[in-house]
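Take a look at the model below.

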Amino acid sequence: MASNDQPPRRPRPGPWPPAPDSTPAAPLSWAKRTGFKGRVSGESDASNSGQIALPKPKERENSLDLESGRTHTTTLPPPPIAAAATATPVNGESENRERGAALVPADQVARKGRDSDGGSKNGVLGLNGPVRSDPPPPPARRQRREDEAVTLPQLQEEEEGFASRQAHIKYELRDSPGLVPIIFYAFQHYLSILGSLILIPLVIVPAMGGTYEDTAAVVSTVLFISGLTTLLHTFFGTRLPLIQGPSFVYLAPALAIISSPEFQGLNGNNFKHIMKELQGALIISSAFQAIIGYSGLMSLLLRLINPVVVSPTIAAIGLSFFSYGFTQVGTCLEIGVVQILLVIIFSLYLRKIRIFGHRIFLVYAVPLGLAITWAIAFLLTETGVYSYKGCDINVPPSNTISAYCRKHVPRMKHCRVDTSHALSSSPWFRFPYPLQWGTPLFNWKIALVMCAVSIIASVDSVGSYHASSLLVASRPPTAGVLSRGIGMEGVSSVLAGLWGTGVGSTTLTENVHTIAVTKMGSRRAVELGAVILILLSFVGKVGGFIASIPDVMVAALLCFMWAMLAALGLSNLRYSETGSSRNNIIVGLSLFFSLSIPAYFQQYGLVPNANSSVPSYFQPYIVASHGPFRTGFGGVNYVLNTLLSLNMVIAFLVAVILDNTVPGSWQERGVYVWSEPEAVRREPAVSRDYELPFKVGKAFKWVKWVGL
């Protein structure tokens, strides 16, 4: 009798009709050893509800289009249900016995077909007996199914032992398109995640008291570091086509440090002083992250990091900035709301429209929405809609006498597009260099906060590594390759600290969605785009142009980006049983407490209007001065009050504790499956995907925990 922990066997694709003696193919070796079998969203055993479990139909072909979200499966009639006396119990066995439900063998447990319109189609056994197998649906019917959820491909093992994947990517990991296509795809890839690259400096620099010129300089530095670290990661990290850039993971702790009481009464250049404090904290925390990766400790942490942990942690990052998003959009509603609506229309309602074979509106939703809204705001500004007689935006509000001007000056400040002089004041050529803001300052309490955040950043990257590898590589990376990637991300963040970007550098989560939409998985395109970013960073006018984006448009874009980040985090649940009550409770508790517990810390002992000098949307980050921890050690109070006020930290702690203490099978928990080094060494194609170039890998042969 088969064990309940053994996953059901996947059938081998065969000819149509199949030979009578065809037998199901064995699972992949790494799946067999781990006992893992991935399930798509919404699938659960019928036996959980006391219904008869249906046998799994044999698959002939399963073609997947990730861009359109279309899946087509051709099925065969199922075998008859085995007798209950010889069946292997499935989940909910006790309930089934009480209700008299039939049990089925473990290798025939039913899964809903991705294309199934109901239990009576595609050869699924009905309650009254077998139902005939329908032929493949016509093209018109398949076209109507483009609204189905996008799922990652399931790997199948061929006779040669290599993993085969459906043709869902135009260019895979080691493909090299021609010169013209690779340039086009490089621009396409980076433009699609433009918001993730440029928006963080537009938030933190003004919060530090920096000018528009300072913002332009930081933007140029971010472009340089993003290009440099992306090249390092594609050559010496995981070698997956993942773009490195400023991470939203570091945004909340950076704002908490910026809003510390010790920085509120500074005289002189607040921006440079706070930036040097952030640089010192980033250097220490990034070195800590690099040690975790290259020492092999990350391989041990992987046992605690599962989809049920990653999902609420990343989602909490996006949800934590709700107080900033629409609060800023409301300063100029007619511009901010138009920006949000355009991005929504492009990315959702017009996503299927193709121009020259490309989904322009889906891929370029953010830059297109920004360009159109900026043009509308420019026309309104030039036609005098936001011009009020006798009012000057450059006059401080305290010196404004007229009530008429006090009412309209804020509107002029947020709605006009000519209030920033960043473009005109930026030089044509500027070379970002390390320590450009001065010598970093090292503060142990700020460094401890950032060290904890670097662990969250590593958790974020684990989900991105796994999802992207299923799209572009032969198999998922080994635990050693993953540790190597985390170590390289630590080195990248050290560089970000030395150059002074304000936040650490990590894998952009949105990059995985971009790969699925653009179907571009070649690392060559990502590397060429990184070189272009480095060249653009030398043109000061580029940073000045980005810095001149009106604040209300930045906030509107952030509303979309943070919503996308929350959705991408929750999408990690597709690797687990989303219908499991265990997983639902863990994710629900993690998300709720990630909002509720930080709110308690942020509101504890806060006197209304006591910090009127701090904008309302930044007040949640000044918790270090009034949190509930009030011991005799000021540094300890600072660290605990700050960390426990961060939404992602609470989500991670709740999820990792519950997921690793509440009993659950590997199949239910959806443990990430990583390739085994022995299997990788037997398959040259997989080795070529992840091996280090320039014979650098030979230097790591003695370090087995960061190699293949």
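Is Y600 buried, exposed or partly exposed? Y600 counts as partly exposed, because its relative accessibility is 46%. The cut-offs are simple: buried means under 20% relative accessible area, exposed means over 50%, and partly exposed lies in between, with a 1.4 Å probe and protein chains only.

Before we go on, note that this is a predicted model, in which local features need pLDDT of at least 70 and side-chain atom pairs count only at pLDDT 80 or more, while totals for chains, interfaces and linings use all residues. Residues are numbered from 1 along each chain as its sequence is written, and side-chain values use heavy atoms, with hydrogens and water left out.

Now back to the rings. A pair of aromatic rings is described by the distance of the centres and the angle of the planes. Rings of Phe, Tyr and Trp (its six-membered ring) pair if their centres lie within 6.5 Å; planes under 30 degrees apart count as stacked, over 60 as edge-to-face and the rest as tilted. By this rule there are 20 aromatic pairs. Y600 and F601 are one of them: their ring centres are 5.6 Å apart and their planes stand at 90°, so the pair is edge-to-face. F601 is buried, because its relative accessibility is 7%. Another pair is Y672 with W674, whose centres are 5.9 Å apart and whose planes stand at 45°, so this pair is tilted. Y672 is buried at 5% relative accessibility, and W674 is buried at 13%. Elsewhere, F224, F429, F431, W499 and F538 form one aromatic cluster.

Step back to the whole protein. It has 28 helices and six strands. These are DSSP runs, numbered from the N terminus: helices are H or I with at least four residues, and strands are E with at least two. Of the 708 residues, 56% are buried. The protein exposes about 29,500 Å², and carbon and sulfur atoms supply 63% of that area. Such areas come from the Shrake-Rupley method with a 1.4 Å probe; for residues, only the protein chains shown count as cover.

Which residues touch each other across the sequence? Contact means heavy atoms within 4.5 Å. Among the contacts with a separation of 6 or more, 81% join residues 24 or more positions apart.

R239 gives an example. It sits in the loop between helix 6 (212–236) and strand 5 (244–246). R239 is buried, because its relative accessible area is 7%. R239 and V481 are 242 residues apart in sequence, yet 8.8 Å apart in space, C-alpha to C-alpha.S454 lies in helix 17 (residues 444–472). S454 is buried, with a relative accessible area of 1%. Apart from neighbours within four places in sequence, S454 is in contact with Y250, S285, F288 and Q289.

Finish with two helices. The axes of helix 12 (residues 333–349) and helix 22 (residues 551–570) come within 8 Å and cross at roughly 35°. Residues including I335 and V343 of helix 12 and V552 and F560 of helix 22 make the contact. Axes are lines fitted to C-alpha atoms, for helices over the stretch in contact, and angles run from 0 to 180 degrees between N-to-C directions.
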